[in-house]
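Here is a report on one protein chain.

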Amino acid sequence: MGAVLLSEFATEIVVPVCAVIGIAFSLVQWLLVSRVKLNPERHSSGNSNKNGYSDYLIEEEEGLNDPSVVPKCAEIQSAISEGATSFLFTEYQYVGIFMVAFAILIFLFLGSVEGFSSKSQPCTYDKEKTCKPALATAIFSTISFLLGAITSVLSGFLGMKIATYANARTTLEARKGVGKAFIVAFRSGAVMGFLLAANGLLVLFVAINLFKLYYGDDWEGLFEAITGYGLGGSSMALFGRVGGGIYTKAADVGADLVGKVERNIPEDDPRNPAVIADNVGDNVGDIAGMGSDLFGSYAESSCAALVVASISSFGINHEFTAMLYPLLISSVGILVCLITTLFATDFFEIKAVKEIEPALKKQLIISTVLMTVGIAIVTWVGVPSSFTIYNFGDQKVVKNWQLFLCVGVGLWAGLIIGFVTEYYTSNAYSPVQDVADSCRTGAATNVIFGLALGYKSVIIPIFAIAISIFVSFSFAAMYGIAVAALGMLSTIATGLAIDAYGPISDNAGGIAEMAGMSHHIRERTDALDAAGNTTAAIGKGFAIGSAALVSLALFGAFVSRAAISTVDVLTPKVFIGLIVGAMLPYWFSAMTMKSVGSAALKMVEEVRRQFNTIPGLMEGRAKPDYATCVKISTDASIKEMIPPGALVMLTPLIVGTFFGVETLAGVLAGALVSGVQIAISASNTGGAWDNAKKYIE
C-alpha cells in the first residue's frame with residue numbers, strides 16, 4: 001500500500017501544536033483589540049506603527065475631544081453584554097437539562113443493543129475479530145456526546161463575550177476613520193474564529209488519544225464512540241441557532257415596526273425601548289448561534305470521515321497518521337487562516353469605504369488558494385500513495401491524488417457558494433438593486449422580487465454541491481464526501497472571522513446612534529454594517545453547503561451501519577419516508593416563523609405601551625424601560641425553541657422504532673434534499689432585503 005512520510009510521532013505533535021498556535025493567535029488579537037480603552041482619558045497616547053494605529057488616515061478625526069461620548073458607549077456596551085449573558089445563561093440551563101436527558105437516551109439505546117453486556121463481541125464489519133463490549137461503546141459515546149455539547153456551548157458563549165467586548169471599541173475607533181474601525185471589528189471576529197477552530201480540533205484530538213488508552217487496537221469501536229462528539233456539537237447548535245434566531249428577529253421586528261414606521265425615529269434611537277434587545281439579539285443569534293452551528297458541522301464532518309476510515313485500510317492496518325488525515329487538514333487550515341488574517345489587519349490598510357467589501361472578499365480567495373496548497377502537502381505526507389476505502393460492503397482502491405481532489409472540490413465549492421451568495425445579497429450588484437427598485441411600487445412588489453431572488457440564488461450553489469458530491473463519491477465513496485465537507489470547512493477560522501465581523505459592526509452602529517455621535521460616524525459604521533450583512537449571508541452559505549455534504553456522509557454511514565444494501569425509492573416504505581422527510585423542513589420553518597411572529601407581537605405591544613404611557617419619552621427627557629423588552633425576547637425564545645428542537649431530535653427515533661430503517665432512510669434523504677433548498681433561498685432573501693434597505697437609505 002505504500003508508507004506514509006509523516007510518522008505517527010510527528011502527527012501526535014503537529015495536531016496539538018497547530019491548535020495551540022490558533023489559541024495563542026486569538027489571544028494576541030484580543031490583546032490588540034483591548035488596547036482601545038473604554039475610559040475617557042485616551043487622547044494622549046502617541047500613535048505609532050502602521051498596525052491600524054497610524055496617524056496618516058486621510059479622514060478627519062471626529063469628536064475625539066468630546067469626553068461625554070466614551071462613558072456613554074461604555075454604559076451601552078455593558079447593557080448589551082449583560083442582556084446577552086443573561087439570555088445565554090437562561091438558554092444553557094434549559095439546554096443543559098435536555099443535554100443530560102439525551103445523553104441518558106444515547107446510553108440506554110446503545111447499551112441495550114447487547115443487553116448491557118460487558119463481554120467482548122465480534123466486530124460489526126469483520127466477524128473474525130473481537131471488539132470491545134456494547135456497554136463500553138455506550139459509555140464512551142455518551143462521554144463524547146457531552147464533550148461535543150460542552151465545546152459547542154463554549155464556542156457560542158466565548159464568541160458572544162468577544163463580540164460584546166468589541167462593539168463599543170469599534171464605535172470609538174470609527175471616530176478616527178473607517179479603517180481603524182474595520183480592523184477592530186475584524187480582529188474581534190478573528191478571535192472567535194481561531195478559538196473555535198482550535199478548541200474543536202484540540203478537544204477531538206485529546207478525546208481520541210484518551211479513548212485509545214482503553215480501546216487499544218479496536219479502532220472500529222474507538223471511532224464509533226467518537227461520533228458522539230459530532231452529535232453533541234450539532235444538537236447544541238440546533239438550540240443555539242433556533243433560540244438565538246427567535247430572540248434576534250422578535251427584537252428586530254418590534255424595534256423597527258414601532259420606532260421607524262410608527263414613530264418615525266431613526267434605527268437604534270436610544271428613545272426606542274426595544275433598542276437594547278435588538279442589539280443583544282445580534283450577539284446571541286448571529287454570533288453565539290452561528291459559532292455553535294459551524295462548530296457542529298465541523299465536528300460532524302471530522303467524525304463522519306473518521307468512522308469510514310476506521311473500517312477502511314487506515315483502520316484495519318492501524319495507520320495512525322492516515323487515520324488522522326481529517327485532523328491534519330484542520331490543523332493546516334488554522335495556519336492558513338492565520339496568514340490570511342494578517343492580509344486584512346497588517347499587510348494592507350483600508351482607507352475608504354469602498355475598500356471594505358473587497359478586503360473581506362480577498363480573505364475568502366486568499367484562504368482558499370493557500371489552503372489548496374496546504375491540502376496538497378498534507379495529502380502527500382499524510383496518506384499512502386494507494387489505499388482502500390470502505391464502500392457499502394466492498395473495499396475500493398483509492399490513490400492519494402484522488403483524495404486530494406475530493407477535499408479540493410469541497411474547498412472550491414465553498415468559495416463558489418460564498419461568491420454566489422455575495423452576488424445575490426450585496427447592494428453592489430444588480431439583484432439587490434432590482435429589489436430596491438421594486439419598492440417604488442410598494443411592499444407587494446418588493447416581497448415578490450425578494451422571494452424570486454432567493455429562489456434563483458439556489459441554482460448555482462446546488463450545482464456546486466452536486467458536482468462536489470459526484471466527484472468525491474466517484475473517487476473515494478462516502479469518505480470522499482466527508483472530506484469534501486471538511487475541505488469546505490477547512491478555512492472555518494477565516495469564515496467565522498468574516499461572519500462575526502457583521503454583528504460587531506451592526507452593534508457599533510447602534511452604539512454610535514445611542515451615544516449621540518455625529519452622522520459622519522454613523523455613516524462609517526453603516527458602511528461596515530452593509531458589508532457585514534453580505535458576509536453574514538456568506539457565512540450562512542458555507543454553513544448550509546457544508547451541512548449538506550456532512551448530512552450525506554452521515555447518511556452513508558447510517559446506511560452502512562444499518563446494513564441496508566440499497567435504498568429503493570420504488571418501495572412504498574421508502575417513498576413515504578421521502579415525502580414525509582421533504583415536508584419536515586417546512587414544518588420546522590413554520591414553527592420557528594410562528595414563534596418569531598408571536599414574540600414580535602408582544603414586543604410591538606410593549607414598545608407602543610411605553611411610548612404611550614411614559615411621559616417625556618419621545619422628547620428624550622425620560623429613559624425607556626429596556627429591561628422589559630429584553631425579558632420579552634428572552635422568555636419567548638426559551639419557550640419557543642423546545643418544540644422545533646424536539647421535532648428534529650425525536651423524528652429519527654420515532655420513525656426508526658415504529659417504521660424500520662428503510663423508512664428512516666427515506667425520511668433522512670427527503671429532509672436533506674428539501675432542507676438545503678429552503679435554507680439557501682431563505683438566507684439569501686433575508687440578506688438581500690436587508691441590504692436593499694441600506695441601499696435605499
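## Helix 15

Gly516 follows helix 15 and has a positive phi, near 70°. Helices are DSSP runs of H or I with at least four residues, strands are runs of E with at least two, and both are numbered from the N terminus. The model is predicted: local features need pLDDT of at least 70, side-chain atom pairs count only at pLDDT 80 or more, and totals for chains, interfaces and linings use all residues. Residues are numbered from 1 along each chain as its sequence is written, and side-chain values use heavy atoms, with hydrogens and water left out.

Helix 15 contains 23 residues. From first C-alpha to last it reaches 33 Å, close to the expected 33 Å at 1.5 Å a residue (the expected span is 1.5 Å times one less than the number of residues). Of its 23 residues, 21 are buried (under 20% relative accessible area, with a 1.4 Å probe and protein chains only).

## Overall fold

The protein chain holds 18 helices and 4 strands. Its radius of gyration is 25 Å, close to the 26 Å that the globule rule gives for 697 residues, so the chain is as compact as a globular protein of that length. That radius is taken over C-alpha atoms, and the rule is 2.2 Å times the number of residues to the power 0.38.

Along the principal axes, the C-alpha atoms fill a box of roughly 80 × 55 × 45 Å. Buried residues make up 59% of the 697. Among contacts with a separation of 6 or more, 84% join residues 24 or more positions apart (contact means heavy atoms within 4.5 Å).

## Largest cavity

There are 7 cavities of 30 Å³ or more. A cavity is a set of points on a 1 Å grid over the protein atoms alone where a 1.4 Å probe fits but cannot get out; lining residues have an atom within 4 Å of a point. Points are joined across faces, edges and corners, and volume is the space filled by probe spheres set on them.

The largest cavity holds about 100 Å³. Its lining includes Leu294, Leu364, Met488, Ile492 and Phe542. Helix 15 (492-514) and helix 16 (519-561) each supply at least two lining residues. Helix 16 gives the largest share, 4 residues. The lining has 8 nonpolar, 4 polar and no charged residues (nonpolar: Ala, Val, Leu, Ile, Met, Phe, Trp, Tyr, Cys and Pro; charged: Asp, Glu, Lys and Arg; polar: the others, Gly among them).

## Second largest cavity

The second largest cavity has a volume of about 70 Å³. Among its lining residues are Leu88, Glu91, Phe239 and Ser292. Helix 2 (69-111), helix 5 (219-262) and helix 6 (275-310) each give two or more residues. The lining divides into 8 nonpolar, 3 polar and 1 charged.

Terms used: 1 Å grid on protein atoms, 1.4 Å probe; cavity = no way out; pocket = protein on both sides within 12 Å on 5 of 7 lines; lining within 4 Å. Buried < 20%, exposed > 50% of the residue type's maximum accessible area, 1.4 Å probe, protein only.
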